[in-house]
Amino acid sequence: MTGGSRIFDEGQRALVKEVLARIIPAQGKLPDAGELGLVDFIEAAISRQPHQRRLFIDGLADIEITASRRGRQVFAELPGPAKDATLRAVEASNAGFFEELVCQTYNGYYT
């Protein structure tokens, strides 16, 4: 990926990878979505649609804010059930972001 397509900083990239692993977890020999380089796929997809850049940047901030309210930790440090509860809360409060995140995750995973 070229530097011009970069949307996320390193912390956001790590967060997206963690979230992707919760959306499509590993099953048997199939890897979780975070292990497949889908952060680059999502970043490239939203770089072509400027209105989605803000949606994702704000959505990722919403995940971290919600995680900190639930456990006074960053998302990556929460136990699995708390991560899932955090994502459900973000889905309820920021449905547009979450729907697009899930859509891009499945697009990348099955492409």
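A residue counts as buried under 20% relative accessible area, as exposed over 50%, and as partly exposed in between (1.4 Å probe, protein chains only). Helices are DSSP runs (H or I, at least four residues), numbered from the N terminus. By these criteria, the buried residues of α1 are Gln 12, Arg 13, Leu 15, Val 16, Val 19, Leu 20 and Ile 23. Seen down the axis of α1, they fall within an arc of 160 degrees, so they line one face of the helix. The arc is that of the directions from the helix axis to the C-beta atoms.

The model is predicted: local features need pLDDT of at least 70, side-chain atom pairs count only at pLDDT 80 or more, and totals for chains, interfaces and linings use all residues. Residues are numbered from 1 along each chain as its sequence is written, and side-chain values use heavy atoms, with hydrogens and water left out. The pLDDT is the predictor's confidence in each residue, from 0 to 100. Its mean over the protein chain is 92, and 94% of the residues reach 70 or more. Confidence is highest in α1, at 97, and lowest in α3, at a mean of 93.

The 14 residues of α1 should span 20 Å, and its end C-alpha atoms are 20 Å apart, which agrees. Asp 9 caps the N-terminal end of α1. A side-chain oxygen of Asp 9 lies 3.0 Å from the backbone nitrogen of Gly 11. Buried residues in α4 are Lys 83, Ala 85, Thr 86, Leu 87 and Val 90.

A nonpolar core is a set of buried Ala, Val, Leu, Ile, Met, Phe, Trp, Tyr and Cys residues joined through side-chain atoms within 4.5 Å. The largest such core has 25 residues. Those with the most contacts inside it are Phe 8, Val 19, Leu 20, Ile 42, Ile 63, Phe 75 and Leu 101. At least two residues each come from α1 (10-23), α2 (38-47), α3 (50-71), α4 (80-93) and α5 (95-109). Helix α1 gives the most, with 5 residues.

Contacts (heavy atoms within 4.5 Å) were then listed without residues up to four places away in sequence. Phe 8 touches Arg 13, Val 16, Val 39, Ile 42, Glu 43, Ile 46, Phe 56, Ile 57 and Leu 60. Thr 105 lies in α5 and is buried, at 0% relative accessibility. Its partners are Leu 20, Ile 23, Ile 24, Ala 33, Leu 38 and Ile 42.

Ile 24 sits in the loop between α1 and α2. Ile 24 is buried, with a relative accessible area of 8%. It contacts Asp 32, Ala 33, Thr 105, Tyr 106 and Tyr 109. The C-alpha atoms of Ile 24 and Lys 83 are separated by 13 Å, although 59 residues apart along the chain.

Gln 52, in α3, is buried at 6% relative accessibility. Gln 52 meets Ile 46, Glu 100 and Gln 104. Phe 41, in α2, is partly exposed at 30%. Phe 41 touches Gln 104, Asn 107, Gly 108 and Thr 111. Its C-alpha atom is 11 Å from that of Arg 6, 35 residues apart along the chain.

Note on methods:
Expected span 1.5 Å × (residues − 1). Polar contact = N/O pair within 3.5 Å; in protein donor to acceptor, adjacent residues only side chain to side chain.
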